[in-house]
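Take a walk through this protein, one stop at a time. Keep the structure open as you read.

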Amino acid sequence: MKHRNGIIILFIIMATFGCKPDPLEYARPDNLAGTIYQQLESMGNFTYYLQALDQTAYKEPLIKGGSWTVFAPTDEAFEAYMAAEGISTIESISPEKILDIVEYSIVIDGWNTTTLTYFPSRFYLGQSFRRRTQYQIPNREVDIDTLQHIMNWDDLEPGKYIVDASLGRFKTTNYFLDSYLENYGVETTDYDFMFTGETFSSGDMKVFGAHVTEQNIVAENGIIYAIDKVFEPKRNMYDNLTSPEYGDKYSMFRRILERFSTLRLMGDEVNDDTGELETIYQLRFSTGIENDFLPFNPFDENYATNIDGTLAQAWGLLVPTNDALQSYLDGDSILGEFYNSYDDMPLDVLGKFVSPFFFNDYYNICPSSFGQSYDTSLGLVDFKEEDIVDKKFCSNGFFVGVNTVYTNNSFGTIMGPLLLDSNYSIMLQAVQDLRIDTALQSNAVRFSILGVRNDQFVDIADPNSATRRITVRTDLDSYDPTDVSVIYMDVEGDPVGANNRTYPDPDATSPSAADIAYVRNTIADIVLNQIIDEDIDFNANNYFQARSGEFIYASAGNLAQGGGDIQDMEAAQVENIQVTDNGNFYEMSAIIDMPLNFTYGTLVENTANFSSFVEVLESADALITIIGSNDKLINFLNLQRTFTLFAPNNTAVAQAISDGVIVDPSTVNGLDDLDRAIAKRDLLNFAKKHFIQQALPTDGKITGTFPSMYFSKIVDFAPVYDQFSVVNTTSSISITNEETGDTVTTGGMTNLLSKRIIIHETNNYIK
């Protein structure tokens with residue numbers, strides 16, 4: 001132990017006194033580059049920039065340490081800037097402007113020409129061309145009277161508001177390098193187009209429209225780039241709408257954009273200059289998943305698709321002049337037929353209208369993309385160079401003023417009448433809730449819509465009930481056909497009388513979410529019965545399947561009937577046809593009613609033909625009672641799907657009994673337990689064989705092989721259903737069991753439309 005302790009003490013002495021470094025060996029090398037400030041001093045061509053730094057708090061950090069990238073204007077750049085400003089000395093530049101210039105020239109961390117094109121959190125050459133500077137837009141004072149068109153203006157008190165104009169973000173600078181241009185296919189001619197008078201050659205580096213005269217100047221605490229222009233902070237695309245150089249040229253488009261904005265309270269913060277506490281607001285635009293009126297926020301410095309906050313790209317924005325916007329509305333345009341001003345348009349219409357002006361990437365509106373410029377909705381925009389009146393690369397994208405209005409197919413398709421005519425606002429809301437509005441704008445498919453006006457939602461059968469009938473309330477004092485955020489609906493015929501009321505409660509302080517959901521889902525189901533994914537031939541006297549799964553019978557050149565209409569011996573008449581690019585929109589005299597009864601109720605109404613089959617279903621315990629109704633459900637069918645019942649008539653059921661396939665259903669209850677169970681099984685299987693898992697009207701169109709609901713074996717835990725081949729004509733349907741070859745053909749009544757199931761009478765039973 002003594003020896004070991006001695007050795008330890010010896011090592012401690014050696015470590016303390018024997019290994020002291022030689023100060024000359026570890027002295028700072030004489031040839032080491034100085035800090036950024038020292039490098040700028042030694043280079044001798046940044047006198048003005050150094051004088052600017054001296055007036056700010058950035059001098060010390062650039063002298064002492066940290067990690068920075070500086071885009072430093074040369075003395076020649078400052079002299080050109082001062083000459084353009086009409087001043088001769090840097091002292092004539094205001095301290096506020098000096099600070100702006102300095103902050104906009106400095107980026108945190110040292111980036112060379114390779115790492116500048118990396119994402120800050122990834123390492124892919126040529127991916128990025130933007131970095132955040134140290135400049136942040138100062139707060140502004142806004143008089144609310146200048147924003148009477150924003151969405152929440154009515155909720156704001158009159159007066160002036162302090163607005164955080166930066167949205168809490170630092171403004172970006174943008175640079176162009178070979179690796180970035182090559183990675184995104186941006187042509188050097190695109191750069192020359194964006195920055196008039198500038199050219200990009202191989203090996204160049206540009207910062208906006210400035211040339212980098214020296215690259216990758218290494219300092220102890222970062223990288224310096226010498227540039228031949230002085231930059232004040234660039235405007236973003238939203239602020240550029242009111243640039244003094246344009247006068248009032250783009251004020252209408254700015255007002256259109258601001259209609260999608262709200263002034264949002266952000267909280268209190270201390271004013272650094274006055275020390276006083278101020279209430280701060282932000283102007284927020286309706287973008288994103290929940291409020292997607294605008295494809296992106298032209299006010300924001302960030303590129304929206306980069307969820308992790310990295311800066312990769314910049315947007316493109318085409319901006320029509322006031323004259324172009326007014327000429328479009330006054331001319332022969334579809335919007336001009338419905339609206340006198342852009343202020344009159346509902347936001348969903350206005351959002352569709354502005355869509356062709358927004359582009360995911362700035363280079364989408366550069367010469368290399370002319371003729372193939374696709375907006376954020378992937379619509380082809382007929383953008384041409386001769387349309388351009390102004391262009392400017394802003395801090396967050398490329399702003400191009402144009403003297404024309406570009407349109408998309410939103411209003412020319414079958415969605416047009418729904419979007420533009422407020423009489424169809426309830427139907428429009430349902431289509432949007434169902435998220436099928438984009439599909440209905442496709443020119444790849446033909447559609448037919450049987451239009452339902454707001455005032456036609458009266459005394460309609462609830463598609464999901466055997467007893468309820470609904471009426472949309474358009475007579476309430478609060479009713480506004482352009483505002484369907486809450487739709488009120490009267491319900492009658494509920495088996496529980498207390499539920500016969502208006503949904504949601506008009507007198508409630510806050511509408512019930514469950515009531516709102518019930519109303520919207522019910523209306524959506526009804527609207528689906530008015531939309532057909534093909535052209536309707538009203539002279540065909542034939543059946544057409546709606547998106548609800550139910551069928552509509554079109555006849556006599558202008559009549560349409562749903563299952564409920566046929567049962568009531570009524571028909572809706574075509575009053576007017578709007579021909580669109582992808583189908584016809586029919587203005588109808590009435591709504592097309594779905595079938596009123598479930599299958600059991602329909603069979604009972606035709607008891608003279610089907611009383612025996614009804615008895616089969618009852619004796620097989622295949623029915624579910626509906627409270628408050630005489631109708632019943634069939635327990636082995638999922639009515640989220642559609643089926644066909646080839647219903648054996650009384651003669652056919654009698655033949656099945658005679659052949660020993662089933663027992664007489666009236667005798668089942670008199671059997672002993674075992675025989676009763678066997679009889680019920682056979683009756684249930686007999687019933688299942690007559691239900692085909694496909695809706696088959698006699699339309700002469702739907703053919704093929706389809707399964708029944710009967711199966712005799714299970715393979716790999718899945719039932720193997722009997723398969724039937726179908727021959728379909730406009731007068732009859734024949735189905736053949738593919739295993740036995742037995743065929744049954746419809747006879748007697750056909751096309752009885754019950755909820756989700758078409759019924760055809762057969763004189764023979766299916767084997």
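Contact here means that heavy atoms lie within 4.5 Å. Keep in mind that this is a predicted model.

Start with Asn 582. It is found in the loop between β27 (572–580) and β28 (583–588).

Now turn to another asparagine, Asn 112. This one sits in the loop between β2 (106–108) and β3 (130–132). Asn 112 is partly exposed, with a relative accessible area of 32%. Its side chain reaches the backbone nitrogen of Thr 114 at 2.9 Å. Not counting residues up to four places away in sequence, Asn 112 touches Asn 216, Ile 223 and Tyr 225. Compare sequence with space: Asn 112 and Val 218 are 106 residues apart along the chain, while their C-alpha atoms are 8.7 Å apart.

Next comes helix α17. It covers residues 513–528, 16 residues in total. From first C-alpha to last it reaches 22 Å, close to the 22 Å expected. Ser 512 caps its N-terminal end, with a side-chain oxygen 3.3 Å from the backbone nitrogen of Ala 514. Buried residues of α17 include Tyr 518, Val 519, Ile 523 and Leu 528. The buried residues of this helix pack against α15 (425–433) and several strands, among them β20 (469–472) and β21 (489–492).

In soluble globular proteins, nonpolar side chains tend to be buried together. Here, the largest nonpolar core has 124 residues. Phe 176, Phe 353 and Tyr 362 have the most contacts inside it. Helix α17 gives the most to this core, with 6 residues. A second, separate core has 30 residues, including Leu 617 and Phe 691. Back to Phe 176: beyond its neighbours within four places in sequence, its contacts include Phe 129, Tyr 191, Phe 208 and Tyr 362.

Finish with a pair of helices, α10 (residues 251–258) and α11 (residues 322–330). Their axes come within 7 Å and cross at roughly 75°. The two helices are therefore roughly perpendicular to each other. Where they meet, α10 brings Ser 251, Met 252, Phe 253 and Ile 256. From α11 come Asn 322, Leu 325 and Gln 326.

Notes: Residues are numbered from 1 along each chain as its sequence is written. This is a predicted model: local features need pLDDT of at least 70, side-chain atom pairs count only at pLDDT 80 or more; totals for chains, interfaces and linings use all residues. Side-chain values use heavy atoms; hydrogens and water are left out. Helices (H or I, at least four residues) and strands (E, at least two) are DSSP runs, numbered from the N terminus. The expected span of a helix is 1.5 Å times one less than its number of residues. Buried means under 20% relative accessible area, exposed over 50%, partly exposed in between (1.4 Å probe, protein chains only). A polar contact is a pair of N or O atoms within 3.5 Å; within protein, one must be able to donate a hydrogen and the other to accept it, and residues adjacent in sequence count only if both atoms are side-chain atoms. A nonpolar core is a set of buried Ala, Val, Leu, Ile, Met, Phe, Trp, Tyr and Cys residues joined through side-chain atoms within 4.5 Å. Axes are lines fitted to C-alpha atoms, for helices over the stretch in contact, and angles run from 0 to 180 degrees between N-to-C directions. Angles under 35 degrees count as roughly parallel, over 145 as roughly antiparallel, 65 to 115 as roughly perpendicular and the rest as oblique.
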